[in-house]
Amino acid sequence: MSEVPPTRMNQQVFKGKKKAAESGHKLLKKKADALKVKFRDYAKMIAETKGTMSTDATTAFFSLTQAEYAAGNFKQKVAEGTLTARVRVGAGIDNVAGVKLPVFTIYETGGPADNQSLGLIGGGKKVVQVRERFTVFLSQLIKLASLQTSFVTLDEAMKVTNRRVNALENVTIPKIQNVLDYIDRELDELEREDFTRLKLVQGKKEEVTVNVSDATNKMSKLDINQDKDITATFDAQDDEDVVF
Amino acid sequence: MSTPKGPHGGLSDFNIHHGFIEALIRGMRCSFLKDADYHHITQCENLEDVKLNLSETDYADAVADMTVLTPSDLQAAAIKKLVTEFKYVRTQAVEPLATFLDFITYEYMIENIMLLLKGALSGRDINELLAQCHPLGMFKDSTMRSIPTFEPNAKGFADLYQTVLVDTPVGPYFAMFLQESSNAMGGEVRNVIEEVEIEIIKSSLIKYWIEDFTQYVEKLGGETAEIMGDLLKVRADTNAINITLNSFGTPLNEPAMRASDRKRLYPAVGHLYPSGTSMLTDVATEEELGRVLSLFPQYASIWGVHAAGSDKSIDDAFYERDVMSLELAFESQMHFGVFYAYVKLKEQEIRNLVWITECILQAQKDEINKFVPVFSFHAPWRASASKAR
Amino acid sequence: MSDVCTSPFCNAGWGELLSHMSPYGFANFGIAFGLGFSVVGAAWGIWLTGSSLVGAAVKAPRIRSKNLISVIFCEATAIYGVIMAIILANKIKKPDEESYQLPENWDFPGFYYAGYGMFSAGLSVGLTNIASGVSVGIAGSSCALADAQDASLFVKILIVEIFASALGIFGIIVGIIESNACNFPIAALDNGN
């Protein structure tokens, strides 16, 4: 702070800086608010999805139990068979107030379902039911995954933004303000000093003129020496800066 | 493939060879969970209580060394118990009962071989696969291990064909299936195994098994032919109906496939054969199936359950009917049907236990009673019979 | 049977054999059949019951002593045969005078009546006891199986067994009545009287 030379020029520079900081602060604040709104939305959506998902999961796994009751244990048959994906997850990007959020979408590959004849001898209908329930469950799961990832990213972005807002508000702007205050003060001080000096000079001048008027007549040679002495007596070191 | 070495005897000479075993299996009938046991278990809040309740039943030893009871562990332990009992009976048996008991295990062998073949094609670890096999359908360990070790090329498949065909009792079924399929497809063994879905191969093999078993039972004659023959007929019909019903919405229901592939899966025995199965061949929708089944009184009521669309599914209806006919097998003496019935009823009981424990685990208290108890006095058919009395 | 025996010591056929057999022989065969068939019936019944009993007792050991009653019922069948055999055996009396030939005035009708009567008495006891033994055995086997499931069924099936056992008693009653009239003559008839 003190390194800044208290000049008019610097005052102008810092005034500019302050203005920039304040507008930046305003913008960031807006961004933080937007993020916060989105964040709340996501939190709400996650809570909702989780709520429905828990029932979806229960029904899905229970339908599996039902199917195993009807068709025997078919997990191995599914696991041992060659599997081609019927559903894939696509990754996209959503932009919220300049923050890039990953979005997962489910899309069907259009491939035929494997193991269609599972439970042919018994329980086939139940197996179909399991397939449907778990497809629903899977889409829910992907939705939740998307929301959760966005949520985490958003959380991170929000933290950064908030930190910036706070830094601007509590550190940068006060600092600039301090510098400005300091420069103001210093400039005032200098002004006051100048004023005093001018006063002093004026006083000395008046004294001199009185003396001169008195002595001109007496000793005209001394006049010149006196004049030189006035400037010689001024010493900048005598007058220490007042530091606050 | 197997010819009985003479009839098993009637009322007065059945006991010469099979009296002890039959009495044994009937003694084991005591080990089925009673209505009261089911009642207690369904009231349990957690699996710890279930374990406590089970330790007062015949499953005491099975659950004794379990620290934490899980449905799958319980299932494994119960199957192990069943297999131990079955093996005990099998070692006591003499011909022709021994072959009869072997026939029961063929069903599981078929399943195991299918599992091994498919697992091998997708490159699974053999030990992992063996652990998943049903213990009732095990061959010699060396045979089991040799099945998935073939090379995936034409020669390897020929070798496999030899191994599976020669060394296992279910080989002839494979031979029949491969013969029939390669006639239809004009391809090699490998094509058949790779291209045909595992469930369809299994259904075909089960069909051959049912037919072969029926033939064997017919040869045994007497009470066995009557009671066991009926059980198998019912089983064959159940398969035919289920295959038709479950093929809707799959490629199997396409008009071209119906006659060529689906028809081949219908067993050539049963009450529906031949007029019913030939009608089933042309069925394309559920309504048509219902119309065909309405001609057969014994299946019309089961179809009614499905058509009514209540929360009871057709599988439940079939299970209920199976349990009834299997229980009826116990009402008669001096025949082999009880051995089959015992294994199947035990399987139902294991299913029930898994169902109940899963329901408790998943907190589905409303659904917990949707199982078919074995030898229950509250069974619908018994209840109506006692009312009539 | 291409070469028919032509010797005078040969029998012409089964008819001659049976008609020339001594009534003593018939009587003793009657005892043998009566006892033998009864024992066959009893033994048959015991293994029918026994194998089921042993098997069922593996899972329900409590039935093992109670169901010995079924075995005892079967055993009773053999006892009927033994009783009959003793009764019949006591009726066989040898002639007072020992000679190679029976006297002219020997009571031949009574003699043959006694022989045939005792033969058929023994046979009727034996055959009924086979039937009785087998049926008791089957009922006993069912009894063991039923008792293993439900102890309250034991008494009910036991009654069935008792009826099956009664079949043997019918045989023995008829056999005793049949044999009552059979008296082997021990001396020649008095011609004068």
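I began with the contact between chains C and B, which takes 18 residues from chain C and 16 residues from chain B; two residues are in contact here if their C-beta atoms, placed from the backbone, lie within 7 Å. On the side of chain C that touches chain B, α2 (23–59) and α5 (108–149) of chain C each supply at least two residues, and the largest share, nine residues, comes from α2(C). Helices are DSSP runs of H or I with at least four residues and strands are runs of E with at least two, numbered from the N terminus. Sorted by class, this side of chain C has eleven nonpolar, six polar and one charged residues. In that sorting Ala, Val, Leu, Ile, Met, Phe, Trp, Tyr, Cys and Pro count as nonpolar, Asp, Glu, Lys and Arg as charged, and the others, Gly among them, as polar.

I note the ground rules before going on: this is a predicted model, in which local features need pLDDT of at least 70 and side-chain atom pairs count only at pLDDT 80 or more, while totals for chains, interfaces and linings use all residues. Residues are numbered from 1 along each chain as its sequence is written, and chains are lettered from A and ligands numbered from 1 in the order in which they are written.

**Chain A against chain B**

I then looked up the other contact, where 22 residues of chain A are in contact with 28 residues of chain B. The elements of chain A that give two or more residues to its side are α1, α2 (75–80) and α3 (124–215), and α1(A) gives the most, with six residues. By class I find seven nonpolar, eleven polar and four charged residues on the side of chain A that touches chain B.

**Helix and hairpin in chain A**

I checked the length of α1(A), residues 8–71: its 64 residues should span 94 Å at 1.5 Å a residue, and the end C-alpha atoms are 89 Å apart, which agrees. The expected span is 1.5 Å times one less than the number of residues. After α1(A) comes Gly72(A), whose phi is positive, near 80°.

Strands β1 (residues 87–96) and β2 (residues 99–108) of chain A pair in the antiparallel sense over ten bridges, pairing being called if DSSP finds at least two bridges between two strands. Val87(A) stands opposite Glu108(A) in β2(A). The two strands form a hairpin with two residues between them, and Ala97(A) in the turn has a positive phi of about 45°.

**Annotated spans of chain C**

From UniProt, in an unreviewed entry, I took "domain: V-ATPase proteolipid subunit C-like" at residues 29–88 and 119–177 of chain C; the positions are in the numbering used here, feature names are shortened, and annotations may be inferred rather than shown by experiment. In the model, residues 29–88 of chain C are 93% helix and 0% strand, with end C-alpha atoms 11 Å apart, and residues 119–177 of chain C are 95% helix and 0% strand, with end C-alpha atoms 13 Å apart.

UniProt, again in an unreviewed entry, lists "transmembrane region" at residues 26–47, 68–90, 110–132 and 153–177 of chain C. Residues 26–47 of chain C are 100% helix and 0% strand, with 31 Å between the end C-alpha atoms; residues 110–132 of chain C are also 100% helix and 0% strand, with 32 Å between theirs.

**Chain B and the cores**

I count 20 helices and zero strands in chain B, and buried residues make up 44% of its 389 residues. A residue is buried if 20 or more other C-beta atoms lie within 10 Å of its own, exposed if 12 or fewer, and partly exposed in between.

The largest nonpolar core has 158 residues, of which Ile110(B), Leu205(B), Trp209(B), Phe339(B) and Ala56(C) touch the most other members; a core is a set of buried Ala, Val, Leu, Ile, Met, Phe, Trp, Tyr and Cys residues joined through C-beta atoms within 7 Å. The largest share of this core, 15 residues, comes from α5(C).

Lys346(B) is found in helix α19 (residues 337–361) of chain B and is buried, because 21 other C-beta atoms lie within 10 Å. Ala363(B), in the loop between α19 and α20 (380–388) of chain B, has a positive phi near 55° and counts as exposed, with 12 C-beta neighbours inside 10 Å.
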